[in-house]
Amino acid sequence: VARLHIVHPMAVAAVERHLETGRPLLVVSQLDPEIEDLLVAELSGTACTATVRRVVRLGDDTLRVLIEGHERARVRDLREDPDGLLVATGRVLPDSVEDAEQVDLLTRQLRESVRNLHSPEGSETPALARVADLEVLPGRLADHAAANLTLPYAERLPYLMETVVDR
């Protein structure tokens, strides 16, 4: 689950269409947020299928949304449709496990590390601490942990794009 501020008109329109139709939303990270033309911008090849859980329409035609991610997907066929929306197809990426014992070990270490994280003032980081107790698959656990880290966006992105669970 993530909170996003949707600014670009094409992204706002995509969220609106998702809300109208109930079709899955494919959430893709823009690698360089300074580029305003999304058709020209370099976008991540890895996305996430998502559902908008809550939306607040702001007076400046932007949105604040609460989205729930479901599965990683590979972005294919990104284009503008006749209505001016940015559309794409995606292929769901299964979590890849090369060594099940390694995955179990990393999962336990991640849960323990997240439980032990503290802010500089010494108080527990509540959102991140709750991640340790989620009963989810290892890939989802790693996604939740990465999404709650206070890393700069450019440093967090590689963790969110990783599809092999035991790395």
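Leaving aside neighbours within four places in sequence, Leu 26 is in contact with Ala 47, Cys 48, Thr 49, Ala 73, Val 75, Ala 88, Thr 89 and Gly 90, where contact means heavy atoms within 4.5 Å. The model is predicted, so local features need pLDDT of at least 70 and side-chain atom pairs count only at pLDDT 80 or more, whereas totals for chains, interfaces and linings use all residues. Residues are numbered from 1 along each chain as its sequence is written, and side-chain values use heavy atoms, with hydrogens and water left out.

Leu 26 itself is found in strand S2. With a relative accessible area of 25%, Leu 26 is partly exposed; buried means under 20% relative accessible area, exposed means over 50%, and partly exposed lies in between (1.4 Å probe, protein chains only). One of the contacts of Leu 26 is Gly 90. Leu 26 and Gly 90 are 64 residues apart in sequence, and 7.5 Å apart in space from C-alpha to C-alpha.

Turning to the chain as a whole, its secondary structure comes to five helices and five strands. Here helices (H or I, at least four residues) and strands (E, at least two) are DSSP runs, numbered from the N terminus. Read along the sequence, the pattern is β-α-β-β-β-β-α-α-α-α. Of the 167 residues, 29% count as buried. Among contacts between residues at least 6 apart in sequence, 50% join residues at least 24 apart. The chain exposes about 10800 Å², and carbon and sulfur atoms supply 52% of that area; accessible areas come from the Shrake-Rupley method with a 1.4 Å probe, and for residues only the protein chains shown count as cover.

Charged side chains come next. Side chains of opposite charge can pair when their charged atoms come close. The structure holds four salt bridges, a salt bridge being a side-chain nitrogen of Lys or Arg within 4 Å of a carboxyl oxygen of Asp or Glu. Glu 16 forms one with Arg 57, and their closest N and O atoms are 2.9 Å apart. This pair links distant parts of the chain, with Glu 16 in helix H1 (residues 9-21) and Arg 57 in strand S3, 41 residues apart. Glu 16 counts as partly exposed, at 21% relative accessibility.

Helix H1 also holds Arg 17. Arg 17 forms a salt bridge with Asp 83, the closest N and O atoms being 2.8 Å apart. Asp 83 sits in the loop between strand S4 (63-80) and strand S5 (86-92), 66 residues from Arg 17, and the pair links distant parts of the chain. Arg 17 is partly exposed at 29% relative accessible area, while Asp 83 is exposed at 61%. Arg 17, Asp 81 and Asp 83 are linked in a network of salt bridges.

The side chains of Glu 68 and Arg 53 also meet in a salt bridge (2.8 Å, N to O). Glu 68 lies in strand S4 and Arg 53 in strand S3, so this pair ties together parts that are 15 residues apart in sequence. Glu 68 is partly exposed, with a relative accessible area of 22%.

On the surface, Asp 32, Glu 34, Glu 36 and Glu 42 gather in a patch of negative charge. Patches are made of residues with over 30% relative accessible area and no salt bridge; like charges are joined within 9 Å, and nonpolar side chains (Val, Leu, Ile, Met, Phe, Trp, Tyr) within 5 Å. Lys and Arg count as positive and Asp and Glu as negative, while His and the chain ends are not counted. The place of a charge is taken as NZ of Lys, CZ of Arg, CG of Asp or CD of Glu. Glu 42 lies in the loop between strand S2 (25-30) and strand S3 (43-57), and is exposed, with a relative accessible area of 53%.
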